[in-house]
Every structure is written in structure tokens, then in C-alpha cells.
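Please walk me through this model in the viewer, one selection at a time. I would like to know what to pick next and what is found there.

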Amino acid sequence: NVAFLGIIPLIKKGAPLFIAQREFVDPICESYRTVRNSIRFSSLDKPLKRILITSAGPGEGKTLTAVNLSVSIAREGKKVLLMDTDLRRSTVHKHFNLGNTVGVTNVLLGEKDVQAAIFKTETEGLFVMPAGPVPVDPARLLESHKMHQLVDDMAEKFDVVVLDTAPALVIDDAIILSPHMDGVVDVVESGRGTVQVVTQMEEVLRLAKATFLGVVLNKQKTLRGTSDYYRYYRYYAKSKKATR
């Protein structure tokens with residue numbers, strides 16, 4: 001009984017993970033567009049400006065989902081900030097070939113001005129704020145008034161702010177941040193996540209008074225029947241491209 005936001009197919013080994021390296025008509029890009037639109041339609045009365053991406057456990061693909069969702073939103077003509085708030089095991093910066101010496105941690109500790117921690121990417125309209133150096137007490141920083149104010153300030157300057165966080169059932173960072181977000185997305189790895197885990201995630205977020213938008217099923221292997229869909233989709237996409 002949770003909202004289903006979309007399916008991201010398992011990407012073949014050696015193929016680009018980052019959709020900015022793929023054509024707009026690529027089926028993987030289309031999958032992320034579906035997730036993007038599902039998130040938007042989940043709240044028609046109130047624009048979602050602060051979106052938190054998490055998962056129950058590590059390795060389910062939350063970071064790549066946050067990265068590619070941010071690219072997809074930016075391609076829509078939005079000004080987007082992707083913040084890495086996984087202060088323990090940050091990886092967002094690697095997808096953009098950025099360093100991680102300046103980021104969220106430095107801003108919260110008052111060591112750097114916020115502008116020094118925001119980096120422009122090759123995708124028009126997309127900016128990144130890395131996590132920065134690992135702090136002594138990440139949870140204390142994330143639950144501070146400074147963190148809430150930072151997110152609010154960024155939401156004023158950008159159309160959408162996407163936060164990548166630590167796995168919610170491993171570390172409580174996502175739970176700490178979730179009540180201050182407009183919506184939370186749970187990324188579930190196909191074949192690994194269970195109904196019990198998804199239900200537990202929903203319950204934890206409900207107790208935190210967070211707005212749970214729904215689940216993205218990630219790394220879905222192509223099933224019988226869906227292969228025909230992608231074959232027809234590629235045919236349609238090529239025909240569409242040829243007519244441009």
C-alpha cells in the first residue's frame with residue numbers, strides 16, 4: 001500500500017550509469033523521466049522543492065538515483081541543487097569528477113561560505129554541493145538549526161533541492177532530515193528489498209512525521225514481456241529522432 005514511482009532497469013556492465021552521458025531518447029533516461037513525473041504528480045497542490053532520496057540499506061542505488069533524478073529535473077529547464085548529505089560515506093562528487101574537500105560540512109562548521117561549496121556541472125541548470133570532509137559527529141550537524149536553515153536558503157535560490165542521504169535503516173540521518181523535506185523517496189533494489197523492509201521504512205518515516213512519496217524499484221532485470229517494450233521503445237525513439 002505504498003505509492004509506486006517507477007522502475008529503473010538494471011544497467012548492463014560497461015554501459016554509462018550517468019544519464020548525462022546518454023541521449024535524451026535512451027530508455028534509461030525515459031525511466032528517470034517517469035520517476036521525475038511521478039514525484040511531481042504526487043503533490044499537485046504544493047511544489048516539491050526539497051526532495052530527500054534514501055534507501056533501507058547500502059548498495060541499493062540511492063546515490064545514482066539522486067544523481068540521475070537531478071539531471072532529469074535540470075533537463076526540464078529547472079535550476080537544481082544536488083546536496084550530498086551522506087556525511088559518512090559520500091560519493092556524489094565522484095559522479096561529477098569533483099573533489100570533496102569543500103562541501104556541506106565546511107558550510108555548517110562556518111569554515112566556508114556557501115558559494116564556495118556549490119559547483120556547476122556540465123548539465124545546464126544542475127549544481128552540486130559535495131558532502132565535504134567527514135565530521136566528528138555527522139548526526140549533530142544534520143540535526144542542527146544551521147542545516148535546516150541551509151536547506152531552506154537553498155530552496156529559495158533553486159527550483160528544486162535534492163538531498164542524497166545515508167541508508168535510513170542503518171543510520172538515522174535520513175530520519176533526522178525527513179520532517180523538514182517536502183517529500184522522501186525510498187530506493188529499493190529489485191530482488192533484494194522485501195515487503196517487510198518497505199513497510200518498516202514507511203512506518204519509520206510516518207513516526208518521524210515525514211511526507212513519504214513512494215518507492216522507486218531499482219536495478220530491475222528485464223523480464224519476459226518487458227524486452228518487447230524496450231525493443232518497441234527503441235524503434236519509436238529512433239523514428240522520432242529521424243524526423244527531427
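Start with helix α8, residues 195–207, in this predicted model. Select arginine 206 and glutamate 203: both sit in α8, three residues apart, or about one turn of the helix. Their side chains form a salt bridge, with the closest N and O atoms 2.6 Å apart. Arginine 206 counts as exposed at 51% relative accessibility, while glutamate 203 is partly exposed at 35%.

Next, select aspartate 173 and arginine 88. This salt bridge has an N to O distance of 2.3 Å. Aspartate 173 belongs to helix α7 and arginine 88 to the loop between β3 (80–84) and α3 (92–95), so the pair ties together parts 85 residues apart in sequence. Aspartate 173 is buried, at 0% relative accessibility; arginine 88 is partly exposed, at 32%.

Then move to aspartate 182 and lysine 46, a salt bridge with its closest N and O atoms 3.4 Å apart. Aspartate 182 lies in the loop between α7 (173–177) and β7 (183–189), and lysine 46 in the loop between α1 and β2 (50–55), 136 residues away. Aspartate 182 is buried, with a relative accessible area of 9%, whereas lysine 46 is partly exposed, with 48%.

Finish with helices α1 (residues 27–41) and α2 (residues 62–75), whose axes come within 9 Å and cross at roughly 80°. The two helices are therefore roughly perpendicular. Residues making the contact include Tyr32, Val35 and Ile39 of α1 and Leu64, Leu69 and Ile73 of α2. The contact residues divide into seven nonpolar, three polar and three charged.

Notes
Residues are numbered from 1 along each chain as its sequence is written. This is a predicted model: local features need pLDDT of at least 70, side-chain atom pairs count only at pLDDT 80 or more; totals for chains, interfaces and linings use all residues. Side-chain values use heavy atoms; hydrogens and water are left out. Axes are lines fitted to C-alpha atoms, for helices over the stretch in contact, and angles run from 0 to 180 degrees between N-to-C directions. Helices (H or I, at least four residues) and strands (E, at least two) are DSSP runs, numbered from the N terminus. Angles under 35 degrees count as roughly parallel, over 145 as roughly antiparallel, 65 to 115 as roughly perpendicular and the rest as oblique. Contact means heavy atoms within 4.5 Å. Ala, Val, Leu, Ile, Met, Phe, Trp, Tyr, Cys and Pro count as nonpolar, Asp, Glu, Lys and Arg as charged, and the others, Gly among them, as polar. A salt bridge is a side-chain nitrogen of Lys or Arg within 4 Å of a carboxyl oxygen of Asp or Glu. Buried means under 20% relative accessible area, exposed over 50%, partly exposed in between (1.4 Å probe, protein chains only).
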